[in-house]
Amino acid sequence: MKQSITLEKVTKFMGFGFLTTLKDLFTGKLEKEDFKNFLRKVIVPLASILLFIGLWQLGSQSLYNREANFKIQTALTDQGPEAAEAMRKCIASGDVSCQPNTLPSPGQVWDSYKSLLRDHNIIRADKAAFIEKTAALNAKRIAAGKAAITYTGRPSFIDQIIMSLKTVFAGFLLALVIAIPIGILIGLSPTLKSAFNWFIQIFKPVSPVVWYLLVFMIVKTILIDSTDDSSFIISFISVGLCSMWATLVNTAMGVASVDKDYINVAKVLKLGPIQKVFKVILPSSLPLIFTGLKITLSVAWMVLIAIELLAQSPGLGLFVWEEFQNGANDSNSKIIVAMFVIGIIGFLLDRLMLTIQNWVSFDKSNGI
Amino acid sequence: MAYLELNNIYKSYGQGDHATEVLSNINLTIEEGEFVAIVGFTGSGKTTLVNLINGLIEPTSGEVLFKGQPVVGTSHERGVIFQNYSLLPWLTVGQNIFMAVKEAFPKKSKVELNEIVKDYVEMVSLSHAINKRPNELSGGMRQRVAVARALAMKPEMIIMDEPLGALDALTRGNLQDEILNIWGKDKRTALLITNDVDEGIYMADRIIPLKPGPKATLGPEFKIDIERPRDKTEMNDNQNFKDTRNAIIEYLMEIGNSRKSESQGVYELPELEPKSFVGRFK
């Protein structure tokens with residue numbers, strides 16, 4: 001009884017239902033009664049995006065003017081009318097040396113996005129050239145038992161996104177490995193629950209910064225002999241510890257609240273304890289576990305930026321912090337680019353989890 | 001020796017003053033191959049009684065003997081069909097039954113087990129739906145799966161807890177026949193709990209009313225002397241059927257009434273005369 005898999009089903013399943021509406025529009029299949037639906041699902045979001053960009057443009061314009069006026073005014077009071085006139089001309093000419101530093105406009109952000117991509121391509125080419133250049137030398141070094149020379153240039157924006165994703169997934173896996181087994185144990189045994197409850201209640205609200213410091217204290221001592229950079233280890237462990245609580249609590253709740261009928265079935269069939277956990281209790285608590293995992297992943301992505309920033313571990317958080325410290329002409333717009341990238345990746349991660357959740361859980365209607 | 005024996009069962013939940021006495025002084029004997037029905041009002045403790053017999057709960061005092069041995073925990077010898085189907089929604093029909101069969105016959109190979117699953121799915125005529133999940137099935141189909149699951153474990157006794165309670169009248173009739181058919185094939189001992197007197201008479205050899213709780217206890221038994229296979233339409237004209245049915249319903253009504261009258265204290269009402277408003281609002 002295989003059901004045919006259509007584009008519509010797949011996109012609905014992944015929570016991208018609006019894509020099929022778009023497809024229908026272009027293929028001319030859109031029915032008249034669907035038009036209202038189309039209006040709501042495609043036109044309204046597009047309109048609100050345009051409105052958002054428009055407001056942003058206006059806002060950045062007025063902030064720009066305010067900053068420019070202030071600069072001219074300062075020049076006037078400090079250095080006299082000639083300096084003020086020179087400043088006014090300089091700002092009007094668009095010279096980078098005297099641009100007001102404020103909220104960038106959408107156009108500037110878009111330019112920065114393109115420049116970041118260009119930068120990535122340059123770095124990638126540079127890296128490829130380096131690898132090619134050192135290939136022969138590295139082969140010799142490895143043959144001689146020495147470590148190969150690696151590229152130590154600056155990572156590009158894309159590299160940093162990938163690093164961030166690695167950190168978040170490592171942290172997420174750590175959260176999963178810790179939280180699910182403990183959650184199951186706590187859910188199964190009221191004794192363990194009362195033993196662990198204070199622990200959960202106290203550590204759940206602790207801020208990512210404090211988790212980072214705690215992990216730093218411990219990992220620093222454990223890796224005291226190592227000369228490698230431990231910032232990645234510290235940041236992924238911190239991310240995992242920060243984000244695991246939702247999964248822990250949800251798993252425990254799911255396991256503790258399995259329908260009594262299913263437990264009775266397990267008893268009547270005389271399932272062994274392990275069989276009972278894997279065949280009855282876990283499948284029945286999967287929807288709740290996945291709700292927890294979804295929260296965990298989004299929390300992980302959210303705290304990642306702060307933790308990378310603290311840990312100086314390469315990634316988007318460090319990128320944002322370095323751009324802020326940098327204070328270059330286009331730093332502000334690069335920070336905004338990073339903000340959008342962070343938001344969009346967070347959204348995609350959420351959809352990914354939703355898709356997996358729909359895939360594995362039996363009740364297909366409770367995914368939101 | 002009786003096949004299943006309940007001696008002076010007393011069951012209460014809670015402690016001391018807060019204890020709710022559900023069953024008391026329950027005595028029941030079922031012989032091998034017999035089909036016994038217990039009828040009672042909803043909330044009279046029927047499910048508690050069933051759970052005592054299948055071993056999900058233990059009596060506060062008294063003993064449940066199955067083939068002379070006290071019942072401790074559940075057993076594959078006593079198959080249970082639950083009121084609310086209790087199928088695992090994440091497994092398909094086949095998987096639900098397979099899981100039960102695998103537990104009942106751990107030594108059989110996977111091929112043999114699958115063979116058994118196929119046979120029983122076919123028996124309840126659900127072969128077309130073997131790969132469907134319970135939420136894709138109608139209530140009647142789900143209950144048939146539950147029946148197949150219970151029977152596939154080849155229990156020596158089938159315990160049915162209002163198995164058809166949630167079904168519409170037509171499906172219910174069909175399933176009654178199916179269960180009787182299966183029961184008739186190898187004459188396993190069967191215990192049916194129901195709130196439908198007609199169902200009890202149609203299916204069972206003996207009907208025992210359960211006087212409603214608190215402190216529910218079994219009433220006098222009624223033997224059904226109607227030859228099998230029974231025909232539903234003919235039975236309506238059968239004098240024996242009518243008499244038994246009336247007797248049981250009368251008995252149950254009587255308990256119901258006596259229970260009502262027990263709780264009916266006499267309230268002294270004040271003597272009031274309706275005021276006359278006539279002519280007051282002119």
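Helices here are DSSP runs of H or I with at least four residues, strands are E runs of at least two, and both are numbered from the N terminus. Keep that in mind as you colour chain A: from the N terminus on, its elements run α-α-α-α-α-α-α-α-α-α-α-α-α. That comes to 13 helices and zero strands.

Before you click further, note that this is a predicted model, where local features need pLDDT of at least 70, side-chain atom pairs count only at pLDDT 80 or more, and totals for chains, interfaces and linings use all residues. Residues are numbered from 1 along each chain as its sequence is written, while chains are lettered from A and ligands numbered from 1 in the order in which they are written.

**Stop 1: the domains of chain A**

Select residues 31–101, then 104–154, then 156–360, and give each a colour: these are domain 1, domain 2 and domain 3 of chain A. The bounds come from an automatic or database domain assignment. Taken over C-alpha atoms, the centres of domain 2 and domain 3 of chain A are 31 Å apart. Where these two touch, domain 2 of chain A gives 11 residues and domain 3 of chain A gives nine residues; a contact means that two C-beta atoms, placed from the backbone, lie within 7 Å. The domain 2 side of chain A is made of five nonpolar, four polar and two charged residues. In this sorting Ala, Val, Leu, Ile, Met, Phe, Trp, Tyr, Cys and Pro are nonpolar, Asp, Glu, Lys and Arg are charged, and the others, Gly among them, are polar.

Now look at chain A as a whole. Of its 368 residues, 28% count as buried. Buried means 20 or more other C-beta atoms within 10 Å of a residue's own, exposed means 12 or fewer, and partly exposed is in between, with C-beta atoms placed from the backbone. Of the contacts in chain A between residues at least 6 apart in sequence, 71% join residues at least 24 apart.

**Stop 2: a core with members from both chains**

Next, pick A:A300, B:I97, B:Y120, B:A148, B:A152, B:L191 and B:I207. Within the largest nonpolar core, which has 130 residues, these touch the most other members. Such a core is a set of buried Ala, Val, Leu, Ile, Met, Phe, Trp, Tyr and Cys residues joined through C-beta atoms within 7 Å. Which residues does A:A300 contact, leaving aside its neighbours within four places in sequence? They are A:V168, A:G171, A:F172, A:A175, A:V239 and A:S243.

**Stop 3: where the chains meet**

Show both chains and zoom in on their contact, which takes 14 residues from chain A and 17 residues from chain B. On the chain A side, α10 (260–268) and α11 each supply at least two residues. The largest share of that side, six residues, comes from α10 of chain A. By class, the side of chain A that touches chain B has nine nonpolar, one polar and four charged residues.

**Stop 4**

Over to chain B, with eight helices and 11 strands. Its C-alpha trace spans about 90 × 50 × 45 Å along the principal axes, and 37% of its 282 residues count as buried.

Find the open sheet of four strands in the order β2-β1-β4-β5, paired antiparallel; strands pair if DSSP finds at least two bridges between them. β2 (20–30) and β5 (69–70) of chain B stand at the edges with a single partner strand each, so one side of each is left without a neighbour in the sheet.

Select β1 (residues 4–13) of chain B: five bridges join it to β4 of chain B, and B:Y10 has B:S61 as its bridge partner there. From β4 (residues 61–66), two bridges lead on to β5 of chain B. Here B:L65 stands opposite B:P70, and B:F66 stands opposite B:Q69.

β4 and β5 of chain B form a hairpin with two residues between them. Click on B:K67 in the turn: its phi is positive, about 50°. B:K67 is partly exposed, with 14 other C-beta atoms within 10 Å.

**Stop 5: back to chain A**

Finish at A:Q312, in the loop between α11 and α12 (316–326) of chain A. Its phi is near 60°, a positive value in a residue other than glycine. Is A:Q312 buried or partly exposed? A:Q312 is partly exposed, since 15 other C-beta atoms lie within 10 Å.
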